[in-house]
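Reader: I am new to this structure and would like a close look at a single part of it. Please take one residue, go through its surroundings, and then connect that part to the rest.

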Amino acid sequence: MKILERRSCQTQRLDLTITLCDCLQNEHSADQYTTVYSGSKKIMAEWNIETKCVQSGYRPKNGEPREVPIYQSTTFKYDTSADMAKLFDLEAAGYFYTRLQNPTNDYVAAKIAAMEGGTAGMLTSSGQAANFFAIFNIANAGDHIVSSASIYGGTFNLFNVTMRKMGIEFTFVSPDCTEEELEAAFQPNTKAVFGESIANPALTVFDFEKFANAAHRHGVPLIVDNTFPTPVNCRPIEFGADIVTHSTTKYMDGHGSCVGGAIVDSGKFDWLAHAERFPGLTTPDDSYHGIVYAEKFGLEGAFITKATSQLMRDFGSIQSPQDAYVLNIGLESLHVRMKQHCANGLALAEFLSKSDKVESVAYPGLPGDKYYDIAKKYMPNGTCGVVSFCVKGGRAAAEKFMHELKIFAIETHVADARSCCLHPASSTHRQLTEEELIACGVPGNLIRMSCGLEGTDDLIADVANALAAI
Ligand SMILES: *Cc1c(COP(=O)(O)O)cnc(C)c1O
């Protein structure tokens, strides 16, 4: 199999994880980089994000398929059991069982790692699995995490209920907290800091530098869920994030076709410099004959190799190769699609902010929004296509408005090609009382709109008609 040959010519490092940018850069340096002239000096520049969306990851050699092949196989064949034994000892490069790894997934993970500017990446079966793995890879029972309180509801539940049951404690801080408040959240057993670049659904923007500085002062990594802006609009590693996660279900797939997730490692966090805090990466793993991940796979490969060889092995939250293939098609147009999502989002936010039927609008790309300045700093080219607003007239007006929409469909989803909307108070948050709804930032008159790829004027007309009917 070609890919096995390709992998075995890499160094010993990253053998299990392959994915890698690392390997892509070694092998395809001529392809990955464009030549740029500055004065008379020739300098090498990295591909820009548009080119990475299309070209990174799978780079076929002479006579190989142009499209990423779907390796629809649970298992892989070897000539001798000695060959296979090397794989099980993490001593050689290769695939043996798709519960841990599959070549199709690895090509697509390598593309996402390149887009984020990381050194290694992996796909997971969902965004939930990605965030769970990212934390559980470095935190055990008795450990503690500092998290922004402004995060996706599913992630909040994972942390606050399920992972608490596993013995991991969380302290939630406001994304707008002062440095002193953030400092006070740390404990001697804190293992990571977590936040979302643009929070779903609150649309708060994460102050990367504030959180990265605090994390690094305490010798722990910053983990950022970058689902909403995607690496097209924001690359958290450039602002100090160490690990980046994604729900690829949203804009990356972009067509509402496949649930999936991804984890990318920046390769920058020095586990060995904080060895006592991260024993899982810096002391021998008995299940692989005592290898030490941070030593054997280096800073660039340790985190993803451990997550693959322990967590994927034990939990099996693998993305299907079919879905990885579909995800890759989505990634090829992500940079083109994000422009239209953002243009529609901004136009809708501007329209709503001028309507006398509307009480308030939240959109970080809208001048005057509480997060406008910080969004301009970290994502100057655009934010996302999701806009939320509160309609005048309370819950009844919100329900009437939704009923009148013709293009925006009522769905528990965001971030795909077709515009959709949700009234949290009567769906995702319907168990909450009016007081609880206000406390968690989703009052009864709040509507979340996800702008798709349709024509801007048609979307505005749809919303204008529905508002007029209230
Ligand atoms: C949807 C979402 C998730 C969860 O992802 P799934 O793919 O649905 O498991 C996590 N984080 C954010 C920001 C999301 O929007």
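Author: Trp271 is in contact with Ile138, Pro221, Phe278, Leu281, Thr282, Ala294, Leu299, Ala302 and Phe303, leaving aside its neighbours within four places in sequence. This comes from a predicted model. Trp271 belongs to the largest nonpolar core, a set of 97 residues. Within that core, Met163, Leu222, Trp271 and Leu334 touch the most other members. The core draws at least three residues from domain 1 (30-138 + 221-330), and at least three from domain 2 (335-468). In soluble globular proteins, nonpolar side chains tend to be buried together.

Next come the aromatic rings. The structure holds 24 aromatic pairs. One of them joins Phe133 and Phe315: the pair is tilted, with 6.0 Å centre to centre and 50° between the planes. Phe133 lies in helix H7 (residues 127-136) and Phe315 in helix H14 (residues 298-315), so this pair ties together parts that are 182 residues apart in sequence. The two rings can also be described by their accessibility. Phe133, at 1% relative accessibility, counts as buried, whereas Phe315 has a relative accessible area of 42% and is partly exposed.

Phe159 and Phe170 form a stacked pair, because their ring centres are 4.6 Å apart and their planes stand at 10°, with planes under 30 degrees apart counting as stacked. Phe159 is in helix H8 (residues 153-165) and Phe170 in strand E5 (residues 169-173), 11 residues apart, and the pair links distant parts of the chain. Both Phe159 and Phe170 are buried. They also belong to one aromatic cluster, together with Phe156, Phe172 and Phe194.

Two lysines are placed over rings. Lys250 lies over the face of Tyr152, 4.9 Å from the ring centre. The charged end of Lys296 sits over the ring of Phe297, at 6.0 Å from its centre.

A last point concerns confidence. The chain has a mean pLDDT of 90, and 90% of its residues reach 70 or more. Over residues 1-37, however, the pLDDT is below 50, although this stretch has 108 contacts in the model beyond near neighbours in sequence. Where pLDDT is low, the predicted coordinates should not be read in detail.

Note on methods: Residues are numbered from 1 along each chain as its sequence is written. This is a predicted model: local features need pLDDT of at least 70, side-chain atom pairs count only at pLDDT 80 or more; totals for chains, interfaces and linings use all residues. Side-chain values use heavy atoms; hydrogens and water are left out. pLDDT is the predictor's confidence in each residue, from 0 to 100. Contact means heavy atoms within 4.5 Å. Rings of Phe, Tyr and Trp (its six-membered ring) pair if their centres lie within 6.5 Å; planes under 30 degrees apart count as stacked, over 60 as edge-to-face and the rest as tilted. Helices (H or I, at least four residues) and strands (E, at least two) are DSSP runs, numbered from the N terminus. Buried means under 20% relative accessible area, exposed over 50%, partly exposed in between (1.4 Å probe, protein chains only). A charge sits over a ring if NZ of Lys or CZ of Arg is within 6 Å of the ring centre and within 35 degrees of the ring normal. A nonpolar core is a set of buried Ala, Val, Leu, Ile, Met, Phe, Trp, Tyr and Cys residues joined through side-chain atoms within 4.5 Å. Domain bounds come from an automatic or database domain assignment.
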